[in-house]
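I opened a new notebook page for this one.

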Amino acid sequence: MSAHSKTFNYDVIVVGAGHAGCEAASAAARMGAKTCLITMDMNKIAQMSCNPAVGGIAKGQIVREIDALGGQMGLVTDATAIQFRMLNRSKGPAMWSPRAQCDRMRFIQEWRHTLENTDNLHIWQDEVCEIITKQSEVQGVKTIWGAEFRARSVVITAGTFLNGLMHIGRRQVPGGRCAEPASVGLTESITQHGIRSMRMKTGTPVRIDKRSVHLDEMDVQPGENDYHRFSYISPSRPLPQLPCWTVNTNPEVHEVLRSGLEDSPLYNGQIKSIGPRYCPSIETKLVTFAQRDSHPLFLEPEGLETNELYLNGFSSSLPMHVQIEALKKIPCFRDVIVFRPGYAIEYDFFDPTQLLHTLESKLVSGLYLAGQVNGTTGYEEAAGQGLIAGINAALKCTGNDTFTLQRDEAYIGVLIDDLVTKGVDEPYRMFTSRAEFRILLRQDNADFRLTPYAQKLGLSSTERDARFSEKKANTDAIIEFSKNFRIKPQEINSTLKMAGTAPLQGSCKLFDLVARPQLSLSLLADHLPALHDFIDSIDMSEKEEAVESAEVEIKYSGYISRERELAEKMKRLENISIKGRFKYDELKEISTEGRQKLAAINPETLGQASRIPGVSPSDISVLLILLGR
């Protein structure tokens with residue numbers, strides 16, 4: 001290619017370098033596809049547009065899965081974390097969810113360093129305005145500067161930039177993020193192929209100058225410093241760990257906020273699109289929970305070397321003077337100075353029911369969509385989709401192989417199946433309650449579930465292979481030891497009494513003792529020299545991970561077995577392919593709603609059909625009968 005050419009040839013083009021785009025580009029390139037990541041601003045790669053945090057309830061499990069599959073988000077998070085916590089420790093292990101505050105600028109730098117040093121991956125700074133197609137197959141993209149990129153696969157991960165419109169009070173400014181331009185023209189280029197687009201809304205809170213806050217009047221929330229991390233192969237966290245702070249709003253705050261509601265774009269008709277139910281603005285909380293006179297707020301650091309603080313829980317698009325005056329009614333914020341107010345943003349997304357489980361468009365071959373353009377909210381949901389889209393975009397270039405995850409294999413599988421089967425009528429956020437097999441989908445065992453896939457796809461490093469084999473062997477060894485090691489009453493009864501659990505009447509296997517909720521392997525090891533010596537003999541840098549995994553498998557073995565059986569039963573429906581076997585409009589034996597929904601989604605399998613809202617169990621029975629089952 002000559003230096004003056006404006007046509008560039010690649011296997012995979014990724015449009016947008018947010019969390020979805022970074023994972024998609026990284027995965028495709030590492031699988032051997034010649035990849036180009038096109039972004040409007042190379043200095044904002046993997047920008048945390050809202051909260052400078054990764055993980056949280058169910059989201060933390062997704063990041064562990066991304067890491068187990070050979071993705072990068074866990075490694076980048078660990079390298080830039082300034083506070084780590086494992087949420088929901090008081091509940092069962094299916095609910096344990098890692099979360100980390102990150103240094104926002106270092107997060108960008110770490111991702112950029114990762115991408116710039118990935119073989120087969122180029123970065124181009126420009127704005128894509130058009131997809132190029134031929135006979136319903138993607139051929140590449142065009143940019144506003146006249147460059148043309150040809151490729152077999154194109155992944156769109158444009159976040160909130162498609163016709164983005166920001167709101168503060170009655171003021172509206174086009175943009176995809178504060179001080180960044182919106183992307184215009186790309187939506188229309190995509191929808192002309194029959195792909196439906198709609199509008200969604202999200203928001204972000206005020207950013208506060210730390211020097212103006214009376215932190216001594218707030219409750220401190222420290223982090224944790226144990227062995228837990230996001231990546232299975234990260235070294236220990238390198239950065240100093242910082243505290244967060246908590247405080248509550250009060251009736252005076254609410255009074256000021258209510259005074260501005262008539263100028264709120266959410267309530268004066270200015271914003272017509274749907275906002276996130278599970279991360280509502282402070283004004284939405286006032287209206288929805290009118291009886292409450294306080295709401296919790298969390299003040300979180302944006303980095304090690306900045307005075308910028310993020311006020312979690314105070315997302316707002318009220319006029320800026322209302323936001324600031326309301327904050328001043330909280331004693332610790334009486335002298336508050338802000339860097340910028342909160343704002344709302346409306347943007348285009350595409351109906352995800354028009355996608356396959358690979359995230360490829362059903363209407364344009366080779367076109368993949370991932371992240372907020374599919375109607376999701378959250379960095380983790382975006383990154384999980386980006387990884388799957390990137391893998392499939394690379395596979396598309398080499399043949400007909402595809403890669404998908406089932407609902408019993410990963411939260412990422414639940415996420416994508418929910419999107420393509422049920423669609424979205426509000427920004428989709430992952431919760432543990434969305435997964436029917438959540439005891440199988442724990443944060444501790446994401447590597448056991450998914451790293452074998454990473455190895456097959458070529459996304460697992462030598463280091464990951466070694467660490468995985470080591471942990472698996474040690475976890476299995478601990479479980480086996482527990483099944484064979486017998487304990488006599490005189491060895492342990494005093495410990496059992498101290499722990500508040502019934503004494504032994506006769507000898508028993510260690511496995512049965514560990515199953516008791518009051519006991520743990522570490523507690524028993526303190527009183528059983530043979531167990532202590534066995535755990536001590538494990539030659540592994542992170543032996544705590546193996547011990548935790550083994551203990552969870554032992555304690556919950558009954559639940560895990562039952563859930564696996566149920567998952568196997570459900571899989572039988574997943575194995576019955578029905579794509580192209582019925583003309584649903586002509587099936588008078590099933591309900592009208594069932595016919596309409598089946599025709600609209602055109603499911604791949606009977607299992608997918610059974611999860612479509614409006615398709616009843618009796619409709620599925622009719623399909624089974626018509627199939628001769």
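I count a residue as buried under 20% relative accessible area, exposed over 50% and partly exposed in between, using a 1.4 Å probe and protein chains only. The model is predicted, so I take local features only at pLDDT of at least 70 and side-chain atom pairs only at pLDDT 80 or more, while totals for chains, interfaces and linings use all residues. Residues are numbered from 1 along each chain as its sequence is written, and side-chain values use heavy atoms, without hydrogens and water.

**Overall build**

I looked up the secondary structure and found 21 helices and 23 strands. These are DSSP runs numbered from the N terminus: helices are H or I with at least four residues, strands are E with at least two. The radius of gyration is 26 Å, close to the 25 Å that the globule rule gives for 629 residues, so the chain is as compact as a globular protein of that length. I take that radius over C-alpha atoms; the rule is 2.2 Å times the number of residues to the power 0.38. The C-alpha atoms fill a box of roughly 80 × 70 × 60 Å along the principal axes. Of the 629 residues, 58% are buried.

**Rings**

I searched the whole structure and got 12 aromatic pairs. Rings of Phe, Tyr and Trp (its six-membered ring) pair if their centres lie within 6.5 Å; planes under 30 degrees apart are stacked, over 60 edge-to-face, the rest tilted. One of the pairs is F481 with F485, stacked at 5.0 Å centre to centre and 20° between the planes. F481 is buried at 19% relative accessible area, and F485 is buried at 17%. F582 and Y584 make a tilted pair, 5.9 Å between centres and 40° between planes. Both F582 and Y584 are buried. I also noted one aromatic cluster of F8, Y10, W124 and F149.

Next I checked charges over rings (NZ of Lys or CZ of Arg within 6 Å of the ring centre and within 35 degrees of the ring normal). R64 has its charged end over the ring of Y232, 3.9 Å from the centre. R434 lies over the face of Y428, 4.2 Å from the ring centre.

Where does S317 lie? I found S317 in the loop between β18 (308–315) and α8 (320–327). Its relative accessible area is 2%, so S317 is buried. Leaving out residues up to four places away in sequence, S317 touches several residues, including H167, S264, E283 and Y343. Contact here means heavy atoms within 4.5 Å.
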